[in-house]
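Please look at the sequence and the model first.

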Amino acid sequence: MFNNVSFARPKIAASLAAAALLLGAGACAKSEDSGATTGTGAAPVASQVVQSAAPGAATCTADQYGASKIDLKTASVGFSQSEKEANPFRIAETQSIKDEAAKLGITNLKTSNANSQFNKQIADVEQMIDSGVQLLVIAPLNSDGWDSVFAKASAKHIPIVTIDRKINASACKDYLTFIGSDFAEQGKRAADAMAKALGNKGEVAILLGAPGNNVTTLRTSGFKDEIAKVAPDIKVTFEQTGNFSREDGQKVAEQLLQSKPNINGIYGENDEMALGAITALKGAGKKPGDVKIVSIDGTKGAVQGIVDGWISAVIESNPRFGPLAFETATKFFGGTPVGQDIVIQDRAYDESNAKSDIGSAY
Amino acid sequence: MTMSVTLPAGPGRLAGVVQRQGALAVLVTVVVISLATFPGFRSADNAGTILVAAAPPMLIALGMTFVIITGGIDLSVGSLYVLGGVVAAWASQYGMLAALAAPLLLCGAIGVLNGVLIARTAMAPFIVTLAALLGARGLMRSISDQGSTTYLVRSDAFHELGTGSLFGVGYPVWLAAVLVGLGILTLNRTRFGHAVHAIGGSEDAAALMGLPVRRVKVWVYLLSGLLAGLAGAINAAKLGSGVTVLGSGMELDAIAAVVIGGTLLTGGSGSIAGTVAGVLLLGVIQNLINQVGNVNSNWQQVISGGFLAVVVVAQTYLVRARRTHSP
């Protein structure tokens, strides 16, 4: 294109460049839309089930929050995703939100993705507030650092539903409610599975999740506390962050195998890191079952890992937040009190059900 | 933002102006088109969001402009940014002054270390500041317990510095504007600024002219470190805590903004006004992608990457056009 432009007329070149950019942006948006429509065809599988709340658990109503009652169908809704849709959990989570919005006939859904850059997530959400969204669904990258968002949202009384990770702030004041798993319980169940796989003795390594959020903290403390309780002969001798990513999980596991070649078990705080660890184990010449692996999430790859004999157990963390998030919002806007802490039930996979239940993995 | 540029006659000089102000020209074009296309872009709130979000990257890119004009590069700024934020949040328990002084001292010290190593040992700035990138991030991890401890901002005055506003414009924007103004004066009107240009043009010639090459180099890396630390502190004040999952890749954004702004990576020539346009352009692109809504995260990066490529290609041609037409 530029070859045809005479250099004596740089103004034209500049405006052509600008036009090309805008065309490019439009084309990309279009292809993304068509991608989303094909995705809605998939049947919703294994949707989230709420654990029965303890009697007297705190709830929140629209009056308490100061929100006006609106019809969700015609409302403008913003969804802010924290990490790139590059791993199964994030893909399933975003898709679930989009599918459910489409099902409910919510036409005005704005989505953004922070690509793991916290400042971008803050700017994304602030921009949504500026543009007049009436409900915010946020998958927070970090549990702290939301002060400027809260200030803006509360000035306009916009309810915020946080999913999968929690924000360290007051429910029903700074944000409406949190929907997610009991991460300490996940860690505890992973510890039980690890104790069983190792026969209550041995050395275990932990591949920690990304720092700075409650998921990593609780999956770590839940695991360690339970190990100390049920299997004091199991020692945690190595822990390092794999940032919830497969590459980092593999890298850390390679270092682990060099420094502690006789490690007995690896606890991956998510499936991606565990799958990275399997690659490292293969590279080190280990066979399936030589090192017992337990991880959390319930992705197809990991459940297949159980079938193949590499992984002993996978504790699920269900990412299909769409139905529950919008059901909660509908109730809230309709004047019904909603829980301030909505905890979902997670299943577990091991060799007894991996083959039969792999269909509910994501 | 919608500044009008009066262009002098003559194709060569026109190209020169557009090349120097190329980023501004693209920025104005994009902003005008967006104003007409996206109702959501038009609100004053949205402009405020873009400007406040652009303030910390602006400070970092300001320091980077000085470094790049000397022919150097500073890869440590992203790490200094996150380190500065964590240290500021921690120090805020001792009041606002401590929250500002602590990150400036620490990041300034690392900047001086960078500068001294580069100036005294003639090691490549790339390697020295890469070491600082790794070291500063490691330091941040060690004081935050592998990044899992987040210090909350304890000083209301410091918090206000990040969230408050004057005449409807956020304090971070005022701070960035004032420092950019001082930066422009320093670069164009002081002996230090002339030395920065001279060193980037030809270090040997600058030394022969009797300019204090080593001292100037130490100063630019000190400046870059200080500004990165300050940017981190301001961001922590805004967020209300010393978030540890920040800043990776930020040095590249800063370098990109500087280059888009017309500063040559080879050194010797550059403009802070261009850098301002470059930073704002990056912020506006991000905002626009969100205005379109529902753009897949992978496509977002493709679009911003494509945008950068086009701007850089256009500039290359414009530089060539200027050379062809200059007398």
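In chain A, 6 strands make up an open sheet of mixed pairing, ordered E9-E8-E10-E11-E12-E15. Strands here are DSSP E runs of at least two residues and helices are H or I runs of at least four, numbered from the N terminus; two strands pair if DSSP finds at least two bridges between them. Strand E9 (234-241) and strand E15 (348-350) of chain A are at the edges with a single partner strand each, so one side of each has no neighbour in the sheet. From one strand to the next the twist averages 15°.

This is a predicted model, in which local features need pLDDT of at least 70 and side-chain atom pairs pLDDT 80 or more, while totals for chains, interfaces and linings use all residues. Residues are numbered from 1 along each chain as its sequence is written, with chains lettered from A and ligands numbered from 1 in the order in which they are written.

Strands E10 (residues 265-268) and E11 (residues 292-297) of chain A run parallel and are joined by 4 bridges. A:Ile266 is opposite A:Ile293 in E11(A). Helix H6 (residues 183-198) of chain A packs on the sheet, at about 160° to the direction of E11(A). Angles run from 0 to 180 degrees between N-to-C directions, with axes fitted to C-alpha atoms, for helices over the stretch in contact.

B:Ile60 is in contact (C-beta atoms, placed from the backbone, within 7 Å) with B:Val77, B:Tyr81 and B:Leu227, among others, leaving aside neighbours within four places in sequence.

Notes:
Contact = placed C-beta atoms within 7 Å.
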